[in-house]
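Please keep the sequence and the 3D view at hand while reading.

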Amino acid sequence: MTFRTRLREIWGNPLHAVWIILAMLEIGVLVVCYDRFVLHNTSLWRLFRWAIPPLPVFFMQDIHRILWGSYIDAGGIRVGEAISAFSGKLVRGIWKPEHTLVVITMALSYIVGPSLFLWGLKARKARIQTKTAKPSAVFILLATAIGGYIVVFALMIPVLSCAGSWNTWQRMKTDSYVNAVRDGAVASVSVLGFQAEQLRLMPEAKGGGPWSGGPGGISIAELDRVLPSLERGLWAPGVKGSMKYILEVSSSDSLTLWGIADVQGTLSGSSFRNKDGTAGNVQVRAGVTPARVTEAVEN
Amino acid sequence: MRWTIFCTLLLITAFIVIYRTTTDIWIATNGAGIIAVIFLIGVAFRVTRIFDRRWQKITTALLSVLLIGGLLSHWIIMWKMTEWQYTQLQVIRRVIYNGEVISTLRTPADDTFREFRGSPPGTTIGEVFRRLNPGGVPLVDSVVTEDTGPIFASVSDSTVEMMAEARYVTGFDPVFVNHDGRHGLAQIQIRVTPEGASYDIQN
């Protein structure tokens, strides 16, 4: 079929143009996809953008974002709530324009749009089969094109975005775990420093040491009572754990206190041996003398 | 047309009612989303029936499964990711709060213990605490901040307990009953005894 014949056919029955419009929408989606993952707004992207003149509305960012953004907007509201809760300003249950947007776009994207598309396809088939003039071809064309446009954006973009979103989430979780371990080690130093300070203060009234448990000294048992059993530390969920203490009297005026958390530290099991025989866990150390406490993160 | 209108109204009603009841945006969105997905499956089924040839039906069905499955996957990823972000922000807030309270209360605890160790035999730790804090319940006027919230002190001869309860920072356990009867807020207790000072992150 020559191009001229095809053009005449479309002129005679505009319904044939539905597939051309839908095909161009598909091309547009591929262009968006190409842009998102490869080009990132290079000049080639601009070329594509102007090379598809029938679809200017396709690139109106707000419109297409609305079409596939209902649950993404819900996520945005949730993150906004988190920020409000962070500063103690969260008030739940207030209906905002954002909520209206979520529910309207959901109805538009997943019910009205697909219905329109379905109606257009069915009407087209019925019109071809029965060869009747109603509903008008232009009306069917519009319904199918608009419905198809909504379906493409509401359903196809999420499919294409799945992999990227999944990777982003996993990367966030990994980064967060690393940060939590680092923060946990810093918090452990704080916990240990608190306990070490108690140890340091114990003999202060007696003019310093000894810690060896001799006559007039402080026994290990007495020192141990200072160290509480911490069931909850400053850990974040997922890396929260209790800390085990090991106390060693190095000399009559020198103590070493180790804190070993039951979560993995910076170095893995094969690279770091903990004081309690475990491997690769967070370990912090506090050296205590009558004069001062020195703290260090060992893993 | 009737189904479209009915399902649109049902979706909007479900969203509004669920949100008003639970005040949780994701529960409302997911509730309405279930209606939407059921409707989409119905539409996909009917679109498949429009085509006459077998390969067209199969292709349409596969495409529908891919699209609806992809939508669901992306939806769930966004849901879980934003919920995770919400939780993480609360955790960060709690860590800041815990650090601030422990840092604030550490000084009076250490001062009390140090003074007690230097006191003559027979002196109780409660007496030392009262002597260092003649105004009664300490700290309330001096160091309490917007974050720290109220600090309650309980003093006996053998023990001094100082308890800080957050104004709005949430703790680990949402059903934890706080000192003043509220629920789920962060709470830390610092305890000074003749053996030393220790703290307990109670929630």
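In this predicted model, helix H1 (residues 2-22) of chain B and helix H2 (residues 25-50) of chain B pack against each other at an angle of about 160°, and their axes are 8 Å apart. Because angles over 145 degrees count as roughly antiparallel, H1(B) and H2(B) are roughly antiparallel to each other. The crossing in which H1(B) passes H2(B) is right-handed. On the side of H1(B), the residues that meet H2(B) include B:Leu10, B:Leu11, B:Ala14 and B:Phe15, while the residues contributed by H2(B) include B:Ala28, B:Gly31, B:Ala32 and B:Ile35. Sorted by class, the residues of this contact between H1(B) and H2(B) are 14 nonpolar and 2 polar, with no charged residue.

Between these two helices there is a loop, and B:Thr23 lies in it. B:Thr23 is not a glycine, and yet its phi is positive, at about 55°.

Helix H6 (residues 97-130) of chain A and H1(B) pack at an angle of about 155°, with their axes 10 Å apart. This angle makes H6(A) roughly antiparallel to H1(B), and the crossing of H6(A) and H1(B) is right-handed. Among the residues of H6(A) that meet H1(B) are A:Val103, A:Met106, A:Ala107 and A:Ile111, and among those of H1(B) that meet H6(A) are B:Cys7, B:Leu11, B:Phe15 and B:Tyr19. The contact of H6(A) with H1(B) has 10 nonpolar and 4 polar residues, and no charged ones. B:Cys7, B:Leu11, B:Phe15 and B:Tyr19 are also listed in the contact of H1(B) with H2(B).

| Helix pair | Angle | Axis separation |
|---|---|---|
| H1(B) and H2(B) | about 160° | 8 Å |
| H6(A) and H1(B) | about 155° | 10 Å |

Taken as a whole, the contact between the chains involves 58 residues from chain B and 55 residues from chain A. On the side of chain B that touches chain A, the elements that give two or more residues are H1, H2, helix H3 (54-117), strand E2 (160-170) and strand E4 (196-201) of chain B. Which of these elements gives the largest share of that side? H3(B) does, with 28 residues. The residues on this side of chain B divide into 32 nonpolar, 17 polar and 9 charged.

Chain B also holds an open sheet of 4 strands, whose order is E1-E2-E3-E4 and whose pairing is antiparallel. Strand E1 (151-155) and E4 of chain B are the edge strands, each of which pairs on one side only. Neighbouring strands of this sheet are turned against each other by 15° on average, with direction ignored. E1(B) and E2(B) run antiparallel and are joined by 5 bridges, and B:Ile151 has B:Ala164 in E2(B) as its bridge partner. H3(B) lies across E2, strand E3 (185-193) and E4 of chain B, and H3(B) runs at about 20° to E3(B).

Turning to chain A, one finds 8 helices and 4 strands, and reading along the sequence gives the pattern α-α-α-α-α-α-α-α-β-β-β-β. Of the 299 residues in chain A, 35% are buried. Among the contacts in chain A between residues at least 6 apart in sequence, 62% join residues at least 24 apart.

Strand E3 (residues 281-288) of chain A pairs with strand E4 (residues 293-297) of chain A in the antiparallel sense, over 5 bridges. These strands, E3(A) and E4(A), form a hairpin with 4 residues between them, and A:Gly287 stands opposite A:Thr294 in E4(A). A:Tyr245 lies in strand E1 (residues 243-251) of chain A, and A:Tyr245 counts as buried because it has 20 C-beta neighbours inside 10 Å. A:Tyr245 and A:Gln283 are 38 residues apart along the chain, and their C-alpha atoms are separated by 9.8 Å.

Technical notes: Residues are numbered from 1 along each chain as its sequence is written. Chains are lettered from A and ligands numbered from 1 in the order in which they are written. This is a predicted model: local features need pLDDT of at least 70, side-chain atom pairs count only at pLDDT 80 or more; totals for chains, interfaces and linings use all residues. Two strands pair if DSSP finds at least two bridges between them. Axes are lines fitted to C-alpha atoms, for helices over the stretch in contact, and angles run from 0 to 180 degrees between N-to-C directions. Angles under 35 degrees count as roughly parallel, over 145 as roughly antiparallel, 65 to 115 as roughly perpendicular and the rest as oblique. A crossing is left-handed if the near helix is turned anticlockwise from the far one by less than a right angle, and right-handed if clockwise. Two residues are in contact if their C-beta atoms, placed from the backbone, lie within 7 Å. Ala, Val, Leu, Ile, Met, Phe, Trp, Tyr, Cys and Pro count as nonpolar, Asp, Glu, Lys and Arg as charged, and the others, Gly among them, as polar. A residue is buried if 20 or more other C-beta atoms lie within 10 Å of its own, exposed if 12 or fewer, and partly exposed in between; C-beta atoms are placed from the backbone.
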